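Keep the viewer open as you read.

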Amino acid sequence: MKELVRPSRLAPGARVAVVAPSGPVVEERLQAGLDLLRGWDLDPVVAPHVLDTHGELGYLAGSDADRAADLQQAWCDPSVDAVLCARGGYGAQRMIDLLDWEAMRAAGPKVFVGFSDVTSLHQAFATRAGLVTLYGPAAAGADFVKNTVAQEHLRATLFAPETVRVLTSRGAALAPGRARGVTLGGCLSLLASDLGTRHARTGAGDGLLLIEDVGEQAYRVDRMLTQLLRSGWLDGVQGIALGSWAGCGPYGPLRAVLADRLGGLGVPVVEEFGFGHCEGALTMPFGVSAELDADTGTLTLDEPALR
């Protein structure tokens, strides 16, 4: 697995577009997120359909066509330096095939930030645009709006990425060792449901897999990991960093599932890296070469996530 193209870091005055490719957005949180971005001396612009709700499917932020158009227009706008997702939820998989990936690749590298359901877009930006992306807080998400740790880690990643090259786990090693590879991953349920689709990665070989999820019982996590194992998607993975598992039940039984399904891979596995659906979530880059050290609980990037 090769390294991807790193977009340029942001500078004061940079224009950032906020889009909603998945679920409907709470306006109050959106405004709070925009205020934070303005406080960083950024110039946030809101895509036309960010506050839409689908007329019949209330879990979607407007129609598939409108959500896709918002993302594509923002990405292809030469005045926009970064595209931030307002939230996750569900819906990115419904609109991803409506995007003109040739036009988006031609528009050049930009910063892309989002997490959860946005996992599908992270995969597509890797496979179709060859681009490093940031698995980080949603611009209208509760964690970004309320948690200074999440805010400051994202801010450092955007403006001074060399200061956050070492990411440290809050937990222990499920499997010991040290490994090198290119980072990839996201929300486990989305990685499993993306299997076989045309914009998804074909596997995690030679990579460092970063995974997390929310609201999934232990047996469902077992099922999804088993699906990745049986499909061969995990063949050749070099190491695994586990993020948050909020709402997935008591951690003891879940930890047993993670150890059972991942321990046989013979690669280092580190838990509780503090990214994903948790308070103070770290921003994790996908597509960069790094070293995972299970004994020290660190993920060290070879280079900053952004140029």
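This is a predicted model: local features need pLDDT of at least 70, side-chain atom pairs count only at pLDDT 80 or more; totals for chains, interfaces and linings use all residues.

Residues are numbered from 1 along each chain as its sequence is written, and side-chain values use heavy atoms, with hydrogens and water left out.

**The cores**

A nonpolar core here is a set of buried Ala, Val, Leu, Ile, Met, Phe, Trp, Tyr and Cys residues joined through side-chain atoms within 4.5 Å. Buried stands for under 20% relative accessible area, exposed for over 50%, and partly exposed for in between (1.4 Å probe, protein chains only). The largest nonpolar core has 49 residues, and those with the most contacts inside it are Leu-10, Leu-71, Leu-99, Phe-112, Leu-121 and Leu-158. Take Leu-71: leaving aside neighbours within four places in sequence, Leu-71 is in contact (heavy atoms within 4.5 Å) with Val-19, Val-83, Met-95, Leu-99, Met-104, Phe-112 and Leu-121.

Helices (H or I, at least four residues) and strands (E, at least two) are DSSP runs, numbered from the N terminus. Two strands pair if DSSP finds at least two bridges between them. Eight strands make an open sheet with mixed pairing, in the order β6-β14-β13-β8-β9-β10-β11-β7. The edges are β6 (166-168) and β7 (173-175), each with a single partner strand, so one side of each has no neighbour in the sheet. Within this sheet order, strand β10 (residues 239-242) and strand β11 (residues 269-270) run parallel and are joined by two bridges.

Strand β1 (residues 15-19) is largely enclosed by the rest of the structure, because four of its five residues are buried. β1 pairs with strand β2 (residues 43-46) in the parallel sense over four bridges, and Ala-17 stands opposite Val-45 in β2.

**Pocket and cavities**

Grid points are joined across faces, edges and corners, and a volume is the space filled by probe spheres set on the points. By this rule there are two cavities of 30 Å³ or more. In the table, Ala, Val, Leu, Ile, Met, Phe, Trp, Tyr, Cys and Pro count as nonpolar, Asp, Glu, Lys and Arg as charged, and the others, Gly among them, as polar.

| Space | Volume | Lining residues by type |
|---|---|---|
| Largest pocket | about 390 Å³ | 14 nonpolar, seven polar, three charged |
| Largest cavity | about 70 Å³ | five nonpolar, five polar, one charged |
| Second largest cavity | about 50 Å³ | six nonpolar, three polar, no charged |

Of the 24 residues lining the largest pocket, the closest to its centre are Phe-115, Ala-138, Gly-141, Ala-142 and Asp-143. Helix α6 (residues 142-146) gives the most to this lining, with three residues.

For the largest cavity, α5 gives the most to the lining, with three residues. Helix α5 is mostly covered, with eight of its 11 residues buried; His-122, Gln-123 and Ala-126 are among these buried residues and also line the largest cavity.

The lining of the second largest cavity includes His-153, Val-164, Leu-167 and Thr-283. His-153 lies in helix α7 (residues 148-159) and counts as buried, at 12% relative accessibility. Not counting residues up to four places away in sequence, His-153 touches Val-164, Leu-167, Leu-282 and Thr-283.

**Backbone details**

Most residues other than glycine have a negative phi. Ser-116 has a positive phi, near 65 degrees; Ser-116 sits in the loop between β4 (111-114) and α5 and is buried, with a relative accessible area of 10%. Glu-272 also has a positive phi, of about 55 degrees. Glu-272 is in the loop between β11 and β12 (284-286) and is partly exposed, with a relative accessible area of 34%. Just after α5, Gly-130 takes a positive phi of about 60 degrees.

How values were computed
On a 1 Å grid over the protein atoms alone, a cavity is a set of points where a 1.4 Å probe fits but cannot get out, and a pocket is an open set with protein on both sides within 12 Å along at least five of seven lines; lining residues have an atom within 4 Å of a point.
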